[in-house]
Every structure is written in structure tokens, then in C-alpha cells.
Amino acid sequence: METPTLTYLNDGHGLASWLLTKDHKRIAILYLVSITAFFAVGGFFALMVRLELLTPAGDLLSSETYNKMFTMHGVVMVFLFLVPSIPATLGNFFIPIMVGAKDLAFPRINLLSWYIYVLAGIFTLYSALSGGVDTGWTFYTPYSTAASNTHVMSAALGVFIAGFSSILTGLNFIVTIHRMRAHGMTWFRLPLFVWAHYATSLIMILGTPVIAITVLLVAAERALHLGIFDPALGGDPVLFQHLFWFYSHPAVYIMILPAMGVVSEIVQAFARKNIFGYSFIAFSSLAIAVIGFLVWGHHLFVSGQSVYAGLIFSFISFLVAIPSAIKVFNWTATIYKGAVSLDAPMLYAIGFIGLFTIGGMTGLFLAAIGLDIHVHDTYFVVAHFHYIMVGGAIMGYLGGLHYWWPKMTGRLYNEPWARVGAIVVFVGFNLTFFPQFIAGYLGMPRRYHAYPPEYQVFNVFSSAGASILAVGYIVPLIYLTYSLFKGRRSPADPWGARGLEWEIPSPPPTANFTVSPVVTHGTHQYAPSKEVGIV
Amino acid sequence: MFTNLPFFPQQASVQAGQVDAIYFFMVAVTAFFSLLIATLVVVFAVKYRRRHDDDIGVAIHGSLPLELLWTFVPLVIAMVMFVWGALVFFDLYRSPANAMEIYVVGKQWMWKVQHMEGQREINQLHVPIGRPVKLIMGSEDVLHSYYIPAFRVKADVVPGRYNTMWFTAKKPGEYHLFCAEYCGTKHSGMIGSVIAMEPPDFQAWLSGGRAEDSPVAAGAKLFQDLVCHTCHMGDTQGRGPVLTGVFGKPVQLQGGGTVIADEAYIRESIVNPQAKVVAGYQPIMPTFQGLVTEEQLLQLIAYVRSLSQPGAPVPAGTPKQ
């Protein structure tokens with residue numbers, strides 16, 4: 001086993017060597033530490049919500065506090081965890097390596113994006129600690145601009161600032177993928193993880209400016225009483241919803257596309273088989289990114305938007321399901337005739353495929369306009385998007401983190417414990433969120449501090465599941481941290497996987513490659529066969 | 001605690017069955033594909049499990065026929081769902097012309113209801129079964145959403161405009177009424193009940209109201225109190241347009257264009273009179289924003305509307321010919 005003498009981890013010591021680094025790998029670690037911290041904060045808020053909902057009466061927290069809890073849960077999880085999660089950590093670390101480059105195109109901008117992220121986090125934490133915000137993460141007007149007397153401004157500013165971090169990351173990825181690919185790394189030899197991030201980056205740079213403008217308009221109306229959204233000032237509250245969802249629906253794809261990229265890598269590595277239908281997976285990512293920009297109106301089916309607008313948004317929402325279906329079928333076909341090993345990353349990937357299928361198909365319920373009227377703003381919606389964001393995005397994130405952990409840290413984690421953790425997460429997740437589909441169809445509205453007693457049984461299951469899910473998240477935190485100090489040293493390729501990242505030492509040297517690689521075939525080519533081409 | 005555990009909501013409106021039919025179809029499709037994928041993944045993972053450490057999979061790069069199959073089969077199923085969902089929506093959206101109209105105003109954190117016959121209620125709604133009921137809804141402050149799960153209907157209540165929804169209750173009983181759009185501190189307290197009654201019972205309940213509390217009568221009184229009648233007179237001599245017979249009709253606007261004189265236009269003309277001035281009149285009307293509540297606006301609208309109905313009363317304050 002080779003132990004590289006000089007790696008990115010020991011190339012420079014002390015706090016300054018980290019805080020002033022321009023190395024994409026170190027910046028990825030900075031992001032990893034900070035998003036983990038915010039995940040814990042967001043998880044705490046979720047725990048408070050679930051504890052309160054254990055009983056029908058609003059007895060643990062006051063209504064004000066409860067409303068702040070679910071608002072802060074949403075704001076922190078969406079803007080400070082889910083959006084940056086995979087791109088800023090795994091993407092940051094592996095995109096340059098996967099395309100055969102020494103770093104991202106703009107290393108300083110990469111570091112800047114982390115500082116902007118931290119600043120956004122500080123504003124959001126200030127908002128939480130100084131009393132909280134109670135508008136819901138959706139900041140709907142005119143409540144957010146005219147009625148709420150909580151710390152809307154600092155939270156909105158946090159969201160505004162976080163957006164710039166996201167834009168800079170997206171910009172960096174797009175330029176890197178276009179300009180810095182190694183010799184022979186053609187577009188159709190790129191790992192699918194890179195394709196997924198290319199699609200994600202398009203959304204980041206095209207969509208994020210809109211949320212920034214929207215949040216700024218909310219601030220302008222709240223502080224300066226400019227009539228934009230509040231009808232009492234001559235504004236239109238539904239305009240806000242259009243602007244908000246123009247970003248925030250595509251933002252869901254910012255969260256899920258990178259996870260899909262992770263799953264594509266894991267499925268190939270653990271089936272020891274190249275992907276089935278490479279170009280279909282690659283182009284379906286782009287299709288999701290493009291079509292995803294045209295579906296925002298399905299959040300407004302009951303807002304009083306025109307009937308015909310509703311029909312068009314319903315139609316396009318059904319279309320965006322097709323590329324997702326294509327991916328699921330291709331992943332399944334990839335496992336066929338593979339040499340499958342069910343290590344923890346593969347367990348997460350398989351969990352992802354199952355939960356994403358349910359999450360995606362329940363999205364069709366919400367796209368069907370006549371059915372959405374009933375389930376809109378109920379726990380059915382809450383269950384659906386948690387299947388996508390927790391069952392999908394976080395399972396993908398954890399799978400990727402395990403898959404690449406040996407490469408990032410140079411250490412092997414405890415595999416049996418990791419499998420236990422993956423199963424606990426899967427069980428806890430389903431116990432938490434499946435009952436919410438039933439409660440939702442029964443009519444339980446979301447964001448309710450107190451609720452009629454007939455919904456209690458579902459909430460008891462949910463809260464019990466949430467505590468199991470919490471255990472499922474703490475277990476990896478323990479054995480992964482332990483592995484940093486006591487884990488066995490990892491070889492360059494602990495999984496027997498293929499790809500540029502597995503050809504360099506673990507952990508990689510600062511420059512990634514001693515000689516710039518020359519690529520002659522696609523990734524994940526296990527059997528000695530022809531080029532991984534189109535179809 | 002968990003006695004009489006419900007897993008499915010009551011079907012208490014004529015529409016509920018239609019919504020549930022598409023729901024069951026989608027549950028079946030979801031169950032089928034979820035089980036299909038789960039089975040395939042598990043079977044493949046077990047059957048093709050790695051037996052030796054250096055095993056590798058078979059190189060298969062794809063199959064165009066399979067790709068086309070799993071593109072077009074989901075597409076066709078999705079289009080069936082789209083069309084079905086749209087048809088159900090059209091039924092939920094288009095209210096029959098003979099629907100009984102009720103005014104609803106949402107405010108933090110209560111629902112106020114005015115029946116045309118004079119009954120008023122808070123956080124309750126009494127309706128007859130077997131007859132279409134249309135709610136015309138406005139908000140005093142922020143967004144709300146009127147939601148009756150047992151009827152499978154919901155519509156946001158948006159300040160500055162009127163949204164409507166309709167249903168035909170089927171089964172007598174008392175059902176949950178929820179605010180479904182987050183509206184601040186006591187959002188989860190903005191709940192109540194919808195009471196569906198046999199028509200004779202409903203008539204008996206309705207007769208408990210006083211005629212002078214009806215929106216039209218209250219609107220007529222407001223029309224006087226706010227001295228609207230000094231400009232909007234029964235003939236063209238007034239400084240404001242004649243209101244008799246205009247409701248529901250197109251109105252010529254200053255600077256060209258027309259607008260249908262519906263609830264939204266009359267509301268706008270009261271709170272923001274300069275927005276769309278009727279052709280031939282000066283923009284001299286002051287705004288009544290802040291002077292009239294949402295409920296009073298609905299009363300004024302009810303009154304203006306009554307001037308266009310057969311046997312309409314002559315507007316108050318009109319000089320006798």
C-alpha cells in the first residue's frame with residue numbers, strides 16, 4: 001500500500017493554510033464542515049417540529065415559536081444545506097479530478113464562494129438567534145412584507161447572499177467543464193457525475209439571480225413600502241409566487257440532479273459495469289434542467305392563476321417526469337448482469353432509486369391539476385418533497401460521501417457500521433414520511449401547530465421515525481469521524497472502481513496529477529470492450 | 001385515542017368521487033412501478049452478486065428499443081393522467097349558473113360568512129345538500145386558503161381580488177374547514193366547520209337571519225352613508241356613472257378599451273377609482289381604501305349587482321322623475 005508523502009492534507013498546516021487555500025479539495029472540506037454544521041442546526045429545528053406534533057394540542061411550543069421552527073428548518077435546510085450540499089463538497093472535490101484538471105477554473109472565486117456562504121450563514125443564524133423568522137421558507141407576501149413582525153430582513157438577506165455563493169460555484173463548474181478537460185476527455189467520456197453538475201450549474205447561474213431579485217423586492221416593500229406585492233400598496237401578492245417559484249422549483253433540481261449524478265457513479269462502481277444508456281442519462285439531466293424552468297406555475301394551481309396557465313403548467317410538469325423515469329430505468333438496467341456488491345454506498349444508491357421513484361411519482365399526483373386542488377398545502381406535499389429532498393438528495397449525498405470518503409481522507413471507514421447506518425436511515429426515513437401521505441390525503445394542512453386528534457396516529461409514527469432517522473445520521477457522524485484518526489489507510493482504489501479519481505493516490509496530492517492525464521475511453525469501463533459511446 | 005381510525009377521508013360532496021377516482025388510479029400506477037423497480041433492483045442485486053473479489057460485470061452499453069419503450073410508456077401514462085386531471089379540474093372550476101352564492105371574508109384568524117338572506121356566521125358555514133354552492137372570497141389582510149377536505153375543494157383567498165370555488169354537498173354532517181395557506185401566528189387556529197343540512201333544515205336555519213342584514217340591504221345603507229348616491233345617481237346627470245344595469249356588462253373606458261363590470265372591477269373602482277375610469281367621466285372619485293372593510297366592499301358589490309337584476313330597486317337618492 002502506497003502512502004503518499006505529500007498530499008493536499010499535509011501540504012501546509014495551521015488555520016491560515018486552510019482559510020486562505022485556493023485548493024478545490026481543501027475548499028470542499030471547508031464546505032463539508034460548514035454544511036454539516038448547518039445540517040445539524042436544521043435538524044434541530046426539525047426535531048422541535050416533530051416533538052410538538054407528537055400531540056394534537058399545541059402544548060410544547062407557543063404558536064410563534066413553532067412557526068419559527070418550521071421556517072428556520074426550511075430556510076437552513078434548503079439554502080444552507082441542500083443547495084450547496086453535493087455540488088460544493090463532492091462536486092468541488094471531484095469535478096476537477098474527473099475532468100483531469102489541477103483545479104477549478106477560478107480557484108480564488110471558489111474560495112470567495114465559501115466566504116459568501118459563511119456570511120449568508122451568519123445572517124441566517126443572526127436571524128434565528130435574535131428571535132427568528134416566522135414566514136415559512138417561502139416568504140409569501142403580503143405576510144412577509146406587511147404582517148410579520150419577526151426578523152424577515154436578516155433571513156431574506158441571508159438567502160440573498162447565499163445565492164451569490166451558488167452562482168459563483170455554478171459559473172466555476174461550467175467554465176471548468178468547458179475549458180479544462182484533459183486531453184482525450186471528450187464530452188461523451190465525461191463521468192455522468194460531471195454531466196449532472198453541468199446541468200445543475202446551468203440552473204444555478206440562470207435561476208439564482210431571480211430569487212435574489214425577488215428577495216430584494218420583498219426587502220424593498222418591507223422597508224420602503226414600495227408597492228410591489230402588497231395589494232394595500234397597489235401590488236400583487238401572486239406576482240411574488242411566480243417570481244419565487246421561478247427559482248425555487250428549479251432549485252429542487254439543483255438539489256436532486258447532483259444526487260442523480262452520484263447514483264450514476266455508485267451504480268457503475270458497485271455493479272462493476274458501465275452505465276446502461278450513457279447518453280440518455282446525460283441528456284436527461286439537461287432535459288430536467290431546461291424543462292424544470294417551465295413548471296413553476298404548478299405551485300399556483302389554487303392561487304387564482306388563469307385556468308389555461310394552470311393547464312399548461314400541469315402539462316409541462318408531467319413532461320419533466322419523463323427524463324427522471326428514463327434515469328431510473330437505466331440505473332436498474334445497469335445492475336443487470338453486473339458484479340454487484342452491496343457496500344454502504346450501493347445501499348444508499350439503491351435506497352435512493354426506491355425513494356426517488358416514490359417521490360417522483362407522487363409528484364405526478366400534484367401535477368394532476370384536479371387532484372392537486374385537494375392535496376395542495378397538505379402533508380401529502382410535505383411527504384412528497386421530503387421523499388425527493390431527504391429520500392433523494394440526502395441519500396445521494398450520504399452515498400457519495402461514503403463512496404469517496406477513502407479518496408478524500410485517505411482512510412477507510414467501518415463498513416459493517418456503515419451498512420447498519422444506511423439501513424437505519426432507510427427505515428427511519430420511511431417511518432417518518434410515509435404516514436404523512438395518508439395524513440395529507442385525509443386533509444391535514446401543513447404548517448399547523450395544533451391539529452384535530454384524528455391525525456395523531458400518523459404524527460406519532462412520523463415523530464418516532466424522525467428519532468430513528470436522527471440516529472441514522474448520528475451513526476455515520478461517529479464512525480466517519482473515528483475513521484479520520486483510527487481508520488485503516490485507503491489504497492488508491494479501495495472499491496476496484498474505474499475513473500480518474502481512482503488512479504491518483506488517496507488522499508490526492510495538491511496538484512491532483514503529477515502528469516496531466518491522457519484519456520482514451522469513458523469512465524467505468526470494467527470489461528475490456530469498445531468505447532463507451534452513444535446509447 | 002386511536003379508535004375509529006380513518007385512513008381515507010369522507011366523500012361528502014358530489015365532486016369528491018371524481019377526485020378520488022383519479023387518486024386511486026395514480027396510487028395503482030405508483031404502486032405498480034415502485035414495486036417493479038424495487039423487485040428488479042433486488043433480484044438483479046442478488047442474482048448478479050459479486051462472488052469473487054475480481055468479478056466484473058458484462059459490458060452492455062444500452063438498447064435503443066428499451067430506451068424508446070421506457071420513454072413512451074411513461075409518456076402515454078403521464079398524458080392520461082394529465083387529461084384526466086384537467087377534466088376533473090374543469091368540473092371543479094366551472095360553477096353552474098344556478099349556484100347559490102355566499103360571501104366569505106378571511107382575516108387573521110377567522111372566517112366571516114354572509115349569506116344573501118341575511119344570516120351571518122364566523123368559522124362556520126351552513127349549506128344545503130344537493131344544491132351547488134359558490135363561495136366568493138376575499139381577504140382582509142394576508143393570504144388564506146379555504147379548504148374543506150371532505151368536499152376535496154380548496155381555493156386561496158387573496159387580498160385585493162376575489163377567488164371563487166364551488167361544490168355540491170352530498171351527505172348531511174359536520175366537516176372540517178381549514179385555512180390551508182400559512183397566514184401567521186394562529187394559522188392552525190383558523191379552522192371551523194362546514195355543516196351540510198337537508199334543504200328543509202337549511203331553510204329553517206336560513207330564516208333565522210334578518211332581512212336588513214342581507215348584503216344587498218346592508219350595501220344599500222352603506223351607499224347612503226358613504227354618500228355614493230350624490231354622484232352615482234339614477235340618471236346621467238350625476239358626476240359618476242349610472243350603476244343601474246351595468247353589472248356583468250362591458251363598460252367603455254376612458255382612453256379606449258372595455259372592462260366587464262364584475263366583482264373585481266367594482267371592487268377596484270371603490271378602492272382605486274383612478275385605475276379604470278369610465279369613458280365620459282372625470283377621475284374625481286376619492287379612494288375608499290381603508291374606509292370600508294372587505295365585508296362592506298362585498299355588501300356594496302351585492303347592492304350594485306342587485307341594481308342589474310329584474311325588478312331592481314331604484315338607486316337610493318335618485319330624484320323622482
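In chain A, α4 (85-99) and α7 (152-179) each supply at least two residues of the lining of the second largest cavity. Helices here are DSSP runs of H or I with at least four residues, strands are E runs of at least two, and both are numbered from the N terminus. A cavity is a set of points on a 1 Å grid over the protein atoms alone, where a 1.4 Å probe fits but cannot get out; lining residues have an atom within 4 Å of a point. α7(A) gives the most to this lining, with 4 residues. Among the lining residues are Tyr31(A), Phe79(A), Tyr117(A), Ser165(A), Ser166(A) and Met204(A). By class, the lining has 9 nonpolar, 3 polar and no charged residues. Nonpolar covers Ala, Val, Leu, Ile, Met, Phe, Trp, Tyr, Cys and Pro; charged covers Asp, Glu, Lys and Arg; the others, Gly among them, are polar. The volume of this second largest cavity is about 80 Å³. A volume is the space filled by probe spheres set on the grid points, which are joined across faces, edges and corners.

The model is predicted: local features need pLDDT of at least 70, side-chain atom pairs count only at pLDDT 80 or more, and totals for chains, interfaces and linings use all residues. Residues are numbered from 1 along each chain as its sequence is written, chains are lettered from A and ligands numbered from 1 in the order in which they are written, and side-chain values use heavy atoms, with hydrogens and water left out.

How many cavities of 30 Å³ or more are there? The count comes to 5. The largest cavity holds about 1000 Å³ of space. It is lined by 48 residues, and Gly360(A), Gly363(A), Leu364(A), His384(A) and Ile388(A) are the closest to its centre. Two chains contribute elements with two or more lining residues: α9 (237-271), α11 (307-335), α12 (344-367) and α14 (379-409) from chain A, and α1 (16-47) and α2 (64-93) from chain B. This lining has 29 nonpolar, 13 polar and 6 charged residues.

Now turn to the sheet. In chain B, 5 strands form an open, mixed sheet in the order β4-β10-β9-β6-β7. β4 (124-128) and β7 (153-157) of chain B stand at the edges with a single partner strand each, so one side of each has no neighbour in the sheet. The twist averages 20 degrees from one strand to the next; axes are lines fitted to C-alpha atoms, and angles run from 0 to 180 degrees between N-to-C directions.

Strands pair if DSSP finds at least two bridges between them. β4(B) and β10(B) are parallel, over 5 bridges. Here His126(B) stands opposite Ile195(B). β9(B) and β10(B) run antiparallel, joined by 5 bridges. Gly173(B) faces Ala196(B) across that pair. β10 (192-197) of chain B is mostly covered, with 6 of its 6 residues buried (under 20% relative accessible area, 1.4 Å probe, protein chains only). β6 (144-148) and β9 (173-179) of chain B pair antiparallel over 2 bridges. Tyr146(B) has Cys179(B) as its bridge partner, and Tyr147(B) stands opposite Phe178(B).

Methods. On a 1 Å grid over the protein atoms alone, a cavity is a set of points where a 1.4 Å probe fits but cannot get out, and a pocket is an open set with protein on both sides within 12 Å along at least five of seven lines; lining residues have an atom within 4 Å of a point. Buried means under 20% relative accessible area, exposed over 50%, partly exposed in between (1.4 Å probe, protein chains only).
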